[in-house]
Amino acid sequence: MQLEDIEREAPVDFSVCDRPGQAYYKYCLRGKGCTLGVLFETSTCVCFEWLTENGQVVSYRPELRYKAWPKRTVARLVEEGWWEPEPEPPDAVLASLPAQGT
């Protein structure tokens with residue numbers, strides 16, 4: 001799914017943000033040194049924003065940060081231990097990191 005597809009499938013109050021961590025997230029997925037903020041789910045996909053990588057807030061442009069994976073794939077990766085769902089809101093995750101550029 002491309003960013004345009006995600007926007008088309010998104011709830012009406014969804015908008016693309018300039019920087020990571022500015023959206024409302026249902027929950028986080030953590031693993032592989034990264035944090036993903038799950039934005040919403042469709043009947044077939046989990047749509048998320050890539051928030052951190054190796055403990056740092058990512059600086060990717062929106063086209064690279066916003067992604068969707070099939071629910072089947074996410075379920076398999078969670079079951080295999082690659083990703084772990086966390087109820088902790090991503091804003092708490094981002095607030096604990098050093099500011100970008102410092």
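This report walks through the fold, the strand pairing, the cores and the aromatic rings of a predicted model.

Residues are numbered from 1 along each chain as its sequence is written, and side-chain values use heavy atoms, with hydrogens and water left out. As this is a predicted model, local features need pLDDT of at least 70 and side-chain atom pairs count only at pLDDT 80 or more, while totals for chains, interfaces and linings use all residues.

**The overall picture**

The protein has four helices and six strands, in the order α-β-β-β-β-α-β-α-β-α from the N terminus. Helices here are DSSP runs of H or I with at least four residues, strands are runs of E with at least two, and both are numbered from the N terminus. Of the 102 residues, 39% are buried; buried means under 20% relative accessible area, exposed means over 50%, and partly exposed is in between (1.4 Å probe, protein chains only). Carbon and sulfur atoms hold 49% of an accessible surface of about 6200 Å², an area that comes from the Shrake-Rupley method with a 1.4 Å probe; for residues, only the protein chains shown count as cover. Among contacts with a separation of 6 or more, 55% are between residues 24 or more positions apart; a contact means heavy atoms within 4.5 Å.

Eight of its nine residues are buried, so strand 3 is largely enclosed by the rest of the structure. Strand 2 is mostly covered too, with seven of its eight residues buried. The table lists strand pairs, where two strands pair if DSSP finds at least two bridges between them.

| Strand pair | Sense | Bridges |
|---|---|---|
| Strand 1 and strand 2 | antiparallel | five bridges |
| Strand 2 and strand 3 | antiparallel | seven bridges |
| Strand 3 and strand 5 | antiparallel | five bridges |
| Strand 3 and strand 4 | antiparallel | two bridges |

Some of these pairs are hairpins. Strand 1 and strand 2 have two residues between them, and Lys32 in that turn has a positive phi of about 55°. Strand 2 connects to strand 3 through three residues. Strand 3 and strand 4 again have two residues between them, with Asn54 in the turn at a positive phi of about 55°.

Leu36 stands opposite Trp50, Glu49 faces Tyr66 in strand 5, and Thr52 faces Val57 in strand 4.

In soluble globular proteins, nonpolar side chains tend to be buried together. A nonpolar core here is a set of buried Ala, Val, Leu, Ile, Met, Phe, Trp, Tyr and Cys residues joined through side-chain atoms within 4.5 Å. The largest one has 13 residues, and Ile6, Phe14, Leu39, Phe40, Cys47, Tyr66 and Ala68 touch the most other members. Helix 1 (3-9), strand 2, strand 3 and strand 5 each supply at least two residues of this core, and the largest share, three residues, comes from strand 3. Beyond its neighbours within four places in sequence, Phe14 is in contact with Ile6, Glu7, Leu39, Phe40 and Tyr66. A second, separate core has eleven residues, including Val46, Phe48, Val74 and Trp83.

Val16 sits in the loop between helix 1 and strand 1 (27-31). At 27% relative accessibility, Val16 counts as partly exposed. Not counting residues up to four places away in sequence, Val16 touches Leu3, Glu7, Pro62 and Tyr66.

**The aromatic rings**

There are six aromatic pairs in the structure. Rings of Phe, Tyr and Trp (its six-membered ring) pair if their centres lie within 6.5 Å; planes under 30 degrees apart count as stacked, over 60 as edge-to-face and the rest as tilted. Phe48 and Trp50 make a tilted pair, 6.2 Å centre to centre with 50° between the planes. Trp50 and Trp83 have ring centres 6.3 Å apart and planes at 85°, so this pair is edge-to-face. Ring pairs link Phe48, Trp50, Trp69 and Trp83 into a cluster.
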